[in-house]
Amino acid sequence: MSWLVCLQGIVWRELLRFLNQRSRFIGALVRPLIWLLVFATGFRAALGVAIAPPYETYIPYSLYILPGLVGMVQLFNAMQSSLSMVYDREMGSMRVLLISPLPRWYLITCKLLAGIAVSILQVYAFLAVAWAFDDTAPPLGYLTVLPALIANGVMLGALGLLLSSLIRQLENFAGVMNFVVFPLFFMSTALYPLWKIQEGSDVLADICALNPFTYGVELIRFALYGQFDGISALVVVGAGVVLLTGAILGYSPSRGLIRRKAG
């Protein structure tokens with residue numbers, strides 16, 4: 001029962017924090033909407049998207065980048081959650097929770113699940129606004145995409161937690177944004193198909209093929225059309241397990257942050 005109370009408390013606290021911080025909610029929507037309504041409109045005539053799975057016909061560019069923008073919402077939410085973790089670890093609730101009798105791995109997992117719940121709310125809010133502008137997927141796709149959102153949220157949230165275990169000061173977070181978040185997003189298939197990238201640079205295409213965020217975007221893309229991409233699912237789940245294990249070890253008193261501080 002104490003484990004369930006802990007999970008409920010952490011998730012509910014994150015949801016309340018998100019709902020009370022209206023600027024965070026608006027910011028989470030404005031960033032992808034600018035890409036959808038401004039950049040996609042400008043690139044519509046310049047970029048053609050050939051027929052490729054899961055699409056069965058030619059599609060506008062705005063519809064192609066929709067899964068990538070969903071991944072953007074989850075990526076930036078994961079970084080926002082890791083930023084709050086840096087603060088909570090020093091002066092907030094996690095400072096108390098990390099010394100509670102509950103296992104450290106369970107507390108980290110609860111924090112991860114709380115971040116995933118917030119990111120899914122942000123994603124569906126964004127999809128609702130995109131639907132109002134006729135950038136829509138099949139109706140059933142909004143349901144079938146949920147497992148993909150959870151899997152992608154685990155991978156990105158675990159990455160954020162791993163980074164937060166390595167960051168000691170909030171001032172260092174700007175460097176993380178420049179050297180982690182932006183390369184993950186731009187060196188992926190979120191904005192351009194892989195074949196389009198390969199036309200410009202084989203090296204960049206190889207980097208995109210090695211980027212786990214690429215497979216998270218493709219998993220969401222196929223799930224929005226009721227299809228399952230097994231390779232993407234395997235990469236996303238495998239990367240999520242590795243990153244979560246690293247985050248748990250990073251917060252372990254014997255191996256991670258506390259030991260480094262003591263040293």
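Trainee: Which residues form one aromatic cluster?
Mentor: This is a predicted model. Rings pair if their centres lie within 6.5 Å. One aromatic cluster holds a tryptophan and several phenylalanines. Its members are Trp 35, Phe 76, Phe 182, Phe 185, Phe 186 and Phe 213.

Trainee: How many aromatic pairs does a search of the whole structure find?
Mentor: The search covers the whole structure. Its count of aromatic pairs is seven.

Trainee: Are the rings of Trp 105 and Tyr 106 stacked or edge-to-face?
Mentor: Their centres are 5.9 Å apart. Their planes stand at 85°. Planes over 60 degrees apart count as edge-to-face. So the pair of Trp 105 and Tyr 106 is edge-to-face.

Trainee: Is Tyr 106 buried or exposed?
Mentor: Buried means under 20% relative accessible area. Tyr 106 has a relative accessible area of 11%. Therefore Tyr 106 is buried.

Trainee: Is α8 roughly parallel or roughly antiparallel to α12?
Mentor: Helix α8 covers residues 146-166. Its axis and that of α12 come within 9 Å and cross at roughly 165°. Angles over 145 degrees count as roughly antiparallel. That makes α8, relative to α12, roughly antiparallel.

Trainee: Which residues of α12 make the contact with α8?
Mentor: From α8 come Ala 148, Leu 149, Ala 151, Asn 152, Met 155 and Leu 156. The residues of this contact divide into ten nonpolar, two polar and no charged. On the α12 side, they are Pro 212, Phe 213, Gly 216, Leu 219, Ile 220 and Ala 223.

Trainee: Is α12 oblique or roughly antiparallel to α13?
Mentor: Helix α12 spans residues 212-224, and helix α13 spans residues 230-250. Their axes come within 8 Å and cross at roughly 130°. Angles over 145 degrees would count as roughly antiparallel, and 65 to 115 as roughly perpendicular.

Trainee: How many charged residues are in the contact of α12 with α13?
Mentor: The α12 side includes Glu 218, and the α13 side includes Val 235. Eight residues of the contact are nonpolar and two are polar. The charged count is one.

Trainee: Which residues is Thr 144 in contact with, leaving aside its neighbours within four places in sequence?
Mentor: Thr 144 sits in helix α7. Thr 144 is partly exposed, with a relative accessible area of 30%. Contact means heavy atoms within 4.5 Å. With those neighbours left aside, Thr 144 is in contact with Ala 223 and Gly 226.

Conventions:
Residues are numbered from 1 along each chain as its sequence is written. This is a predicted model: local features need pLDDT of at least 70, side-chain atom pairs count only at pLDDT 80 or more; totals for chains, interfaces and linings use all residues. Side-chain values use heavy atoms; hydrogens and water are left out. Axes are lines fitted to C-alpha atoms, for helices over the stretch in contact, and angles run from 0 to 180 degrees between N-to-C directions. Helices (H or I, at least four residues) and strands (E, at least two) are DSSP runs, numbered from the N terminus. Ala, Val, Leu, Ile, Met, Phe, Trp, Tyr, Cys and Pro count as nonpolar, Asp, Glu, Lys and Arg as charged, and the others, Gly among them, as polar. Rings of Phe, Tyr and Trp (its six-membered ring) pair if their centres lie within 6.5 Å; planes under 30 degrees apart count as stacked, over 60 as edge-to-face and the rest as tilted. Buried means under 20% relative accessible area, exposed over 50%, partly exposed in between (1.4 Å probe, protein chains only). Angles under 35 degrees count as roughly parallel, over 145 as roughly antiparallel, 65 to 115 as roughly perpendicular and the rest as oblique.
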